[in-house]
Every structure is written in C-alpha cells, then in structure tokens.
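Good morning, and thank you for coming. Please look at the structure on the screen while I go through it.

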Amino acid sequence: MNTRKVTALLAGAALSALASLAPASAQTTECIAPSAPGGGWDFTCRTIARILSDLDLIDGNMQVTNMPGGVGAVTYAMVDGERPEDENLIVATSTVGVTQIAQGRYPAPLDAMRYIAMLGADVGLIAVNADSEIDDLAELTEIMANDPGSIVTAGSSGAGGWDHIRLLLVAREAGLEDLSALRWVQFDAGTDAVTQMMGNQVDVVSTDIGEIAGFVESGDIRVLAVLSDEPVPAFPDIPTAVSQGVDVTGYNWRGVYTGGDVSDEAYQAWVDRLETLYQSEEWQEAAEESGLLPIWRGGDEFTQYVQDQEEAMAEISREIGIIE
Amino acid sequence: METLSALAGGFAVALTPLNLTLLLLGCFAGTLIGALPGLGPVNGVAILIPLTFAFGFDATSSLILLSAVYFGCMYGGRISSILLNIPGDEPAIMTTLDGFPMAQQGRAADALAISGVASFVGATVSVIGLTLFAPLLARAAIYFGPADYFALYVLAFATIGGIAGVDPRKTLLSAALGLMIACIGIDPITGIPRFTAGNYHIYDGVDPIVALVGLFAISEILVLLEKRGKERAATIRVQSWLPDFRAIWSTRGAMTRGSLVGFVAGVLPGAGASLGAVMSYAMEKQVSGGGGTFGTGDPRGVAAPEAGNNAASGGALIPMLSLGVPGSGTTAVMLAMLVSLNVQPGPLLFAQQPELVWGLVASLYLANIALLVLNLPLIGLFTRLMMVPTWALMPIVAAVSFVGVFSISNSIFDLELMIMFGALGYVLRKLGVSLVPLVLGLLLGGDMERNLRRAMSISDGDWGILLSSWISVVLYTFTALFLALSVWLAIRDQRRAKLFPENRTSK
C-alpha cells in the first residue's frame, strides 16, 4: 500500500515535470533566454512575455525557455541551424552577445540573425572605495595615463568582456597607450567586485550601476562617473564621464533578435509589437524597477547600431590582444 | 532587544494565513524536489519564480515561498542519498558516504531520522546566526580576498584524501579526474575556451549536477542491469521502521560541530553548501573518527555533513541579503527574483525593508519546524521505499534523472553527457574507485582555480600574495596540521600492523 503510494508520488512528480517541459505548439510565441534563470537575459524574456500577454499584443501566452550555454552561443547555433525561419521565436541578447560575436566566439556572424530592437539599457559606472585617495575622474585618468601599474581594476566580466572594455575606452581617452598595462580582475558579479573593493583587494570597479545601486546609496563606494549621455534618473547627482571631458558612454543594452530568414513582414510585426510594448507604462515601470534606463532603438536603426558596436568592440579587442 | 522586537514583527508578517500556506507548500514541494535526483534547489526555485509572478505575490511572500523551497530541498536531498546512494543534489553527496551503508545495514530509519534532526539543528543554528549577527558577519565577507579563498580550497582538498575509500591513491586519482573535468569550458578570466573541441554545449563547462546524476544514478542502473535486478531487494532487511532516539542523541556533538563549520562556509560567499558539507564531514572524521567506522555507516558521518550543508544554506542568505552577493547557485536565482520585484539587496536592505528581512527570518524558523514535523513521520514511508524491488524502482529513477537534467538546460547534449558520465561511473566502480572525490574535484576545482587566478591578476603574477594576509596564513597552518596528523595516524597504524602481523593482511 505504502510502497504503491511512494511509487505513485514519484511517478506523479516525474509526469508533472514532464508536462512543464512540453514543447510549445506551433501557434504560441516563444522567447529564448540563452542563460540559466535569473540574470539579465532571463529578465528580458520574462518581462516581455508578461507584458505582451497583458497588453494582448500576442495570442495566448509567450513561452519562455532557458537555453544556457557558451554565453549565448548554443542558442545562436540552434537558431541559425534549426529555426532561421521561425517567425514565432525571439531571443534575448545584449551588449554581451555582440561582444562575443565581435570576438569570434559565436558559431555564426552578426548578420546571420535579424536584430529587432533594444528596449532598455543598464548604465556603466566607474567607482572607488569611499575612503579611496582617488577623488574624481580626472585623478583616475591621470593615474591611468602615467602610472597604470599602480592600480588594480575589477568588474564582473573576464578580460575583454564588456566591463573591461568600457573601462579601457576611458583609459584610452585618458591617453594610456599600452592598454594591457592596466591590471584587470574578473569577479562573478558586480556586487562581488564591489565587496572585494571594500576589502581593499582592488582599487577601481567598472560594472553596471543597477546591480550595485545599494552600495551607492549607502555611501560605501564613491562613483566617479556614470557612462551615459545624461545623468541617471535614480542618481541625478552623479556626473557623467562626458560632462568631465572623457567622451565615453558604456551602455549594456537589452534587446532581442530573431532568425535570419524571417520574412520582412514578420520582422516588422515584431518591431511594431515591441515598440507598443516599449511605450506602455508597464514596461517603463518594469525597466525602472530593475534599474534599466528605457531606451528604444528598433528595426534598421537598431541593426545599424549593432553593426557599429560590433566594429568598435572588434577594434579594441584587437588592441588589447584578445583577438588577432 | 531591538532585534527581538524586530523579530516579533517578523513573526507577525510570517503568520498571516497566505504566508503560512505558502511556507507549508514550499516546504513540501522542496522536500520532494530535493529528493528527486537531478532536480535540486536551483531548478526548484527557478521553476517557481514564474509562478510567483503569475500569482502576483509581493516580495515578502515570494521570498518566503522560495526560501521554504530552498530549505526543503536541503532537507530532501539526503533522502535519495541514504536510500539509493544517489545524491538528490550537490551538497547531499557527503551523506551517501555513511548514509547508504547505514541503509544497507537495515538502519535506514535511523539514518533518515538522524539526518532530519541534523538538518534541523544545522538550519536552526544558521537562522539564529542570521538573526543575531547578520550585519556583522556581512562585513567578515569583505575581508576575505581571492588569496584567502584559495587557501580555504587548499584546506578542503587536503581533507579530501582522507574522506573516502580505502586506497588513498584511488581517491587522489578520482579527485584529479574531477579537477581535470573542472577545467573544461570557457576560462572565465580570459574568456578563452579550453578543452571544448569546439563544442558550444560545453563552453560553460560541465554542470556538476549532470555529472552527479550520471555518475551516481545512471551507473547504478548499469550495475543493476549487470546483476539483473535481483540483489538488493533480497539482501536488505529493514531492522526497524522507527528511528532509535538514543542514536540521534549520540550524534549531538557531530551535529553541533557540523553546524558551526557549515555556517562559516555559508557566510563566505565564495564557499557555499557543498564546501560546508565536505569540511564538516572531514572535521568530524578527524575529531571522532577513531576506529575506522567512518564510511561504513557511522551515524556521526550522516549527522555532520547534513548539519553542515543546512547551516551553510542558511548562512548563504547573509551575504545575499546584506551584500547582494550570492553564495550559491540557488541564492543567485533568489537574488535575481528580488531585484525584479524592486527589492535591492545590499547594505541598506535591513534598514529600508525591515518587514521583508524579518518576515523572512521568522518564516525560516517556522519552515525549520515545519520541515522537521513533516519529515519525521514520513520516515516510515520513505523507509518502505527500500522494499520496492529495484526492477520497479530503477526505471523511475532513470525517468526522473532524464527529466531533471533536461529541465536544467533543455539540451539533448546534457543527456548524452549524463550517459557518458554514467559509463565512466560504472567503470570507476568496477575499479573500486570512489566517485565522491571526483564530484568534489569538479564542484570545488573551478572556484579554487578562479580564486588563484584572481589573486595572480591582483598581484601581477607575484606568488607572494598567497601568503600576504593573516587569514591565508592561518588556513595554511590548519592544512599543514591536518596533513601532519593524517601522516602521523597512518604511521601509527603501520607500527601497530607490525606489532600485530596478523592484521596486516586484513589491511
């Protein structure tokens, strides 16, 4: 009796797990987050799915699938090889994805996909410990130019990742010629890097502002600059790098692409749908809550933007010796 | 006093009917998810996140539900470790070492009860620690740099040699295999792929849970196929359906020590529950391991790692809440959920959202009690699982393994990889090589390497940084003492063997 109960319990659990994995039927739309649950790409898909269905912009529900692997490369290969024509599929991507493509880490080039739109962006920042001797961006750029070996910089990406590259853009602007002279330490998250900076393991952190906003508010760290065109609404007092004479912006945008063989009509339909979504109060609210700056670029404008960004990334990656 | 009144406010939040219901549901679901091989806390929490959005729960209720699932998984992971020798999730791996031998001796009920109570003690110690010292301990994490984490991992690896198996050479071989597998994937420091043969599916490395399920569950099925499914049901006689309470009381020392070690490992964001379980087990073996009973069904070998991994999972909430630094995969997912609910974990969370923090803490106390109450009566039920003939049980294990692994990544490749690990596990078992050090090498090796590389990046290649802080010096001293003690014990055993030659053959 009890044996049977346990068996039934286990079998039932297995079945319900199977049911949750059932593939989407042909009509439903799907958003693939090329990462594990949690994190930026997952948020992009889940928020888009929720609001599209709330606003009745799609029939029924949008299914969100997590397909982690190779910082998005697994999904890129799958869409390129198996579903290039699937007009019901969108995939979350960001500056991180374009960086990977620029460094030749994806199985297909940038133009293998059709880039639909960006809906918002995280803003980069450069920060030091609250009791650091570096008081403002000018002092930091001075050190970068003249004595780059004296400081240790850190962030949540590896060498050649976006946190590193946007700091190097600042360093190059400051006049540092040999970009590899600046020490860089990778941590798993921006909060990790900040915590290590508070313990004086590293001197400067470059990462997204959203993730570490709590430390900015508490005064544990001093933000030297945000890498946006205008100050961030949540922290209007923090000056931009541009306003301090360092002409660098470093957005980590969030957007989506679809397969390379999707028809023009279907592509345009996605651009229109997402533009409606972008203008909705729901999106503006969701973006703000998760520390994103709502920014819209769609269709051809977005495609051009992504191409330009890929070229810029490739150039600086060559300069620091990440690619040949 | 201030803390107590804050906690009282927390209980008021936790005891609302909705939150209490969510808590109980979460505990039950978590225990089940944790018990199923392949489905662990990360999946459990990840599967439930969309649900919390769908029902529109507020941040506090969502967090209570997910934490209950998280703690429930930590309780549940031990069940299949003990009954099937298949860890339900990564931190439960140490529980197989003595838990499964106990079950084989017909003491499954004791093992389940001891591990249940140990889980309760460990989790309660960590929640009390969270209540009293959270803001203080969060600061401790700041002083631990990459070089110190590396020293901590060196200590952990020094203890692995003594953990499993009779032949240290085979243990080292197994751990080395694990370390080699941990090198596969994109090097996080430079972003260069290593040993991937151009296959994008292993760019992120080998997911430890895939290796774990393959090595333990699939190889178990292969072994069973070989034996044609007749043996186990015949050999195991269950001695008792009810746990022996004296046995539980006798492990109180192991539980306390395991809880403290695990809690420290949990508070350090670079360590986590698996490391907590390993260190608790290794230390317990050194403290009270005389007589060579560890690994053959010693109740203390069940109590220490279970107390350790549950204490670590509670401890991991401290850096998550007060620094926003996730101490484990599960807390990383919970953190992402909090952020999307407009809660900003970090140094101001305790001041800005006290009802959320203290509501959570209070519900963790309740969850622990609920889990103990839920788990103890179920022991009889779970023990009867041992009576299920293996030919009926193993197909279910196989189905759950495949579903669980597929649900992590939706990837057929992971299933193939799991089967390959199953074959590897089968071969290693035939050679008498313990699989536990392999999984530990894989679980801990990546973090150990990353922290070494970070330290090297900071110092620009100067190895002196490894000894530049007092924390790492203390940790290396412990390591040296530990190794010296092991060598001394080995020499002593050899001398004894010389004095009593008849024992030599048995050794």
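Just after helix 7 of chain A, residue A:Asn200 takes a positive phi of about 60°. Helices here (H or I, at least four residues) and strands (E, at least two) are DSSP runs, numbered from the N terminus. This is a predicted model, in which local features need pLDDT of at least 70, side-chain atom pairs count only at pLDDT 80 or more, and totals for chains, interfaces and linings use all residues. Residues are numbered from 1 along each chain as its sequence is written, while chains are lettered from A and ligands numbered from 1 in the order in which they are written.

Let us stay with helix 7. Nine of the nine residues of helix 7 of chain A are buried, so this helix is largely enclosed by the rest of the structure. A residue is buried if 20 or more other C-beta atoms, placed from the backbone, lie within 10 Å of its own. The buried residues of helix 7 of chain A include A:Asp192, A:Val194 and A:Met198.

I turn to the two chains together. How many residues of chain A are in contact with chain B? There are 56, and they meet 55 residues of chain B; contact means that the C-beta atoms of two residues, placed from the backbone, lie within 7 Å. Among the elements of chain A that each supply at least two residues of this side are helix 7 (190–198) and strand 6 (183–186). The largest share, eleven residues, comes from helix 1 of chain A. The side of chain A that touches chain B divides into 26 nonpolar, 22 polar and eight charged residues. Ala, Val, Leu, Ile, Met, Phe, Trp, Tyr, Cys and Pro count as nonpolar, Asp, Glu, Lys and Arg as charged, and the others, Gly among them, as polar.

Next, the domains of chain A. The assignment, automatic or from a database, gives domain 1 (29–121 + 252–319) and domain 2 (122–251). Their centres, taken over C-alpha atoms, are separated by 27 Å. In contact are 15 residues of domain 1 of chain A and 17 residues of domain 2 of chain A. Helix 11 of chain A supplies the largest share of the domain 1 side, four residues.

Finally, chain B. In the contact between helix 9 and helix 19 of chain B, B:Ile209 and B:Val213 are among the residues from helix 9, and B:Met394 and B:Gly404 are among those from helix 19. The residues of this contact divide into twelve nonpolar, three polar and no charged.

Key: Buried ≥ 20, exposed ≤ 12 C-beta atoms within 10 Å, placed from the backbone.
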